[in-house]
Amino acid sequence: MVSVIVPVYNGEKHLRRCIDSVFGNDFDDFEILLLNDGSSDTSGDIIAEYERERPETVRAFSHGNMGVARTRNKGIDLARGKHILFLDQDDWFDKGYIRAFYDAIEESGSDVVVGGYKRPDASGRVVLSRLLSGKGYYQYITAAAWGKIHRGAFLKENGIEFFDNNIGEDVVFSTREAILSDRFSFIPYVGYNWYLNKESVSETDYKGFRDEVKLFAFLEKLGGLGYRDKALEEYFIVKSALYYLMHSGRTSAPERYKEVYAEIMGWIEARYPGFANNRFLNRGLPGESFKVRLAIRILMIVHRCGMAGVFAKMYCKGMEVQGG
């Protein structure tokens, strides 16, 4: 009834905890797909061990490195389950996770059911726990594919895939399914453990602006997903751009921040003239947290007042660029 898709790349350090959390669930009717994405550590050996010990449940696949997006897409194609759960190699499920989501999607008849998540650190301390309100535009808010259960046929029939890019692959997937489905449900349950791994790609990459980050390819893809409301499209384009500026700009030099800021905002203005008057950017997206709405409101005031340079000097931690 449920396929659990786990992409694996050099995950030997935490992989056993991840897999064991699936088997530790109080739910029996599942398969787990372990997709080895060209690992050079002992991940392949670990996967083979679980496949030998539990051949009726574990399905193992190996291929040359092609990235997490294409690996997850391969998992969707291979999945036999009626419903699909995604799990990252550093993360783990609580004991009742599969049962809670399975019951919710079966009872509601939804295409997707979304819940919350928590962020434990290496010491086991939960530094953040997030549960959506289940109101407003909640289906658009969690960009990750985990913390949700997806009806397999819905994904496959609509060709909903992860975007093969080095930024925004999850955002495209989650936004596309939110646009296409009128049968989204919310469950007031927090059972996904998103490990605060200081060594992971999400924690180490994109600090400071890097030329190889394909931001505009991501924004182009995000803008072409077929929104029913143009204001919503504008909102997600601008929000994604602002998030990138804040996340990567923190460790950049102020002068570099201003350059990148001007380039990004120029790109947005050319495609979405008058975006600064967007109702969601001004009033907030119903369902978003107060913290996110406040941050966007402040950044839009900075933009309208032409104060990006002043903001950069206060916000950016990098060294000033001397000369050219």
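Predicted model: local features only at pLDDT ≥ 70, side-chain atom pairs only at ≥ 80, totals over all residues.

Residues are numbered from 1 along each chain as its sequence is written, and side-chain values use heavy atoms, with hydrogens and water left out.

Let me start with helix 8. Helices here are DSSP runs (H or I, at least four residues), numbered from the N terminus. Helix 8 covers residues 215-223, and its axis comes within 12 Å of that of helix 10, residues 254-271, crossing at roughly 25°. Axes are lines fitted to C-alpha atoms over the stretch in contact, and angles run from 0 to 180 degrees between N-to-C directions. Helix 8 is therefore roughly parallel to helix 10, a term for angles under 35 degrees, whereas those over 145 count as roughly antiparallel. On the side of helix 8, Leu215, Phe216, Leu219 and Glu220 make the contact (heavy atoms within 4.5 Å). Their partners in helix 10 are Glu263, Ile264, Trp267 and Arg271.

How do helix 8 and helix 9 pack? Helix 9 spans residues 230-249, and the two axes lie 9 Å apart at an angle of about 160°. These two helices are therefore roughly antiparallel. Helix 8 contributes Leu215, Phe218, Leu219, Leu222 and Gly223 to this contact. From helix 9 come Glu233, Phe236, Ile237, Ser240, Ala241 and Tyr244.

I turn now to Phe154, which lies in helix 5, residues 152-157. Is Phe154 buried or exposed? Phe154 is buried, with a relative accessible area of 3%; buried means under 20% and exposed over 50%, with partly exposed in between, for a 1.4 Å probe and protein chains only. Beyond its neighbours within four places in sequence, Phe154 touches Asp111, Val112, Ile160, Glu177, Leu180 and Ser181. Of these, Glu177 is 23 residues away along the chain, yet the two C-alpha atoms are separated by 8.7 Å.

Finally, the cysteines. A disulfide is a covalent bond between the sulfur atoms of two cysteines. How many disulfides does the structure hold? There are zero, counting pairs of cysteine sulfur atoms within 2.5 Å. The sulfur of Cys316 is too far for a bond because the closest cysteine sulfur, in Cys305, is 18 Å away. Cys316 is buried at 9% relative accessible area, and Cys18 is buried at 0%.

Technical notes
Parallel < 35°, antiparallel > 145°, perpendicular 65-115°, else oblique.
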